[in-house]
Amino acid sequence: MIASTVPVAVAAFSPLLQWRQPVYIAAGFAGIIGLVVLLYQPLLAGGYMRWLPASRARALHRWLGAGLVITVLIHVGGLWVTSPPDVVDALLFRSPTPFSVWGVTAMWAVFAAAGLAVFRKRLRLPPRVWRRIHTSLAIITVGSTITHALLIEGAMGTMSKVSLCVAVAAATLKTIVDLKIWRSPARNRA
């Protein structure tokens, strides 16, 4: 809980926000909230919130996934309002800032993971295949988002941002290892 609240609090009191437009601030906070959501997604998927029944954890995982898509849309939309040329350059992968490439990669991975979840039944993928694809997209999302966040010198503050990014990476890796996503069925039974 501390790992998710401290970066938000640090950002809220950052002197870097003094001269920023409200839309830009909202876009930045949407990005921060999205990073916080990435901390809870694997914890819910892995069943680590013991006080929450498994069915509720899965439902909350889906709702937070939808919330993550919304935070990405607000983040990109807010940046679009404040500087459309920069967003166009980022989306076309021609931005001079390295963090833009990672942010756009994370955005498309989030959209792909959400689309895969929405169309899960229509795709008729075997559960193991679906889980592996969804997890792969989650890894791309987490890795790209962490890289994007770490390359930006912004309102979150260095220490709180690094702490949150480490927590997100650790939660994601622990869940992937514990759920044995890539083990063959025969090895899972052994």
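I will begin with Lys 180, which counts as partly exposed because its relative accessibility is 36%. For that scale, buried is under 20% relative accessible area, exposed is over 50%, and partly exposed lies in between, with a 1.4 Å probe and protein chains only. Lys 180 sits in the loop between H8 and helix H9 (185-189). Helices here are DSSP runs of H or I with at least four residues, strands are runs of E with at least two, and both are numbered from the N terminus. The phi of Lys 180 is near 50°, a positive value in a residue other than glycine.

Before going on, the conventions. This is a predicted model, in which local features need pLDDT of at least 70 and side-chain atom pairs count only at pLDDT 80 or more, while totals for chains, interfaces and linings use all residues. Residues are numbered from 1 along each chain as its sequence is written, and side-chain values use heavy atoms, with hydrogens and water left out.

Most residues other than glycine have a negative phi. Arg 124 is another non-glycine residue with a positive phi, about 55°. Arg 124 is found in the loop between helix H6 (120-123) and H7. With a relative accessible area of 73%, Arg 124 is exposed.

Now the overall picture. The chain has nine helices and zero strands, so in sequence order the pattern is α-α-α-α-α-α-α-α-α. Its C-alpha trace spans about 60 × 35 × 25 Å along the principal axes. For 190 residues, a compact globule would have a radius of gyration near 16 Å, and the 17 Å of this chain agrees with that. The radius is taken over C-alpha atoms, and the globule rule is 2.2 Å times the number of residues to the power 0.38.

Of the 190 residues, 34% are buried. Taking contacts between residues at least 6 apart in sequence, 68% join residues at least 24 apart; contact means heavy atoms within 4.5 Å.

In soluble globular proteins, nonpolar side chains tend to be buried together. The largest nonpolar core in this model has 29 residues, and those with the most contacts inside it are Leu 35, Leu 38, Leu 39, Met 156, Leu 164 and Val 168. Two or more residues come from each of H2, helix H3 (54-82), H5, helix H7 (127-151) and helix H8 (158-179). H2 gives the most, with eight residues. A nonpolar core is a set of buried Ala, Val, Leu, Ile, Met, Phe, Trp, Tyr and Cys residues joined through side-chain atoms within 4.5 Å.

What does Val 168 contact, leaving aside its neighbours within four places in sequence? Val 168 is in contact with Leu 35, Leu 38, Leu 39, Val 142 and Ile 146.

Ile 33 also lies in H2, which covers residues 22-45. At 36% relative accessibility, Ile 33 is partly exposed. Not counting residues up to four places away in sequence, Ile 33 touches Val 8 and Thr 71.

On to the aromatics. A search of the whole structure finds one aromatic pair. The pair is Trp 108 and Phe 111, edge-to-face, 5.6 Å centre to centre with 85° between the planes. Rings of Phe, Tyr and Trp (its six-membered ring) pair if their centres lie within 6.5 Å; planes under 30 degrees apart are stacked, over 60 edge-to-face, and the rest tilted. Both residues are in helix H5 (residues 98-118), three residues apart, about one turn of the helix. Trp 108 is partly exposed at 48%, and Phe 111 is partly exposed at 23%.

Phe 93 is in the loop between helix H4 (84-91) and H5. Its relative accessible area is 44%, hence partly exposed. Beyond four places in sequence, Phe 93 touches Val 101, Val 104 and Thr 105.

Trp 63, in helix H3, is exposed at 66% relative accessibility.

Last, the charged end of Arg 120 sits over the ring of Trp 130, 3.9 Å from its centre. The criterion is NZ of Lys or CZ of Arg within 6 Å of the ring centre and within 35 degrees of the ring normal.
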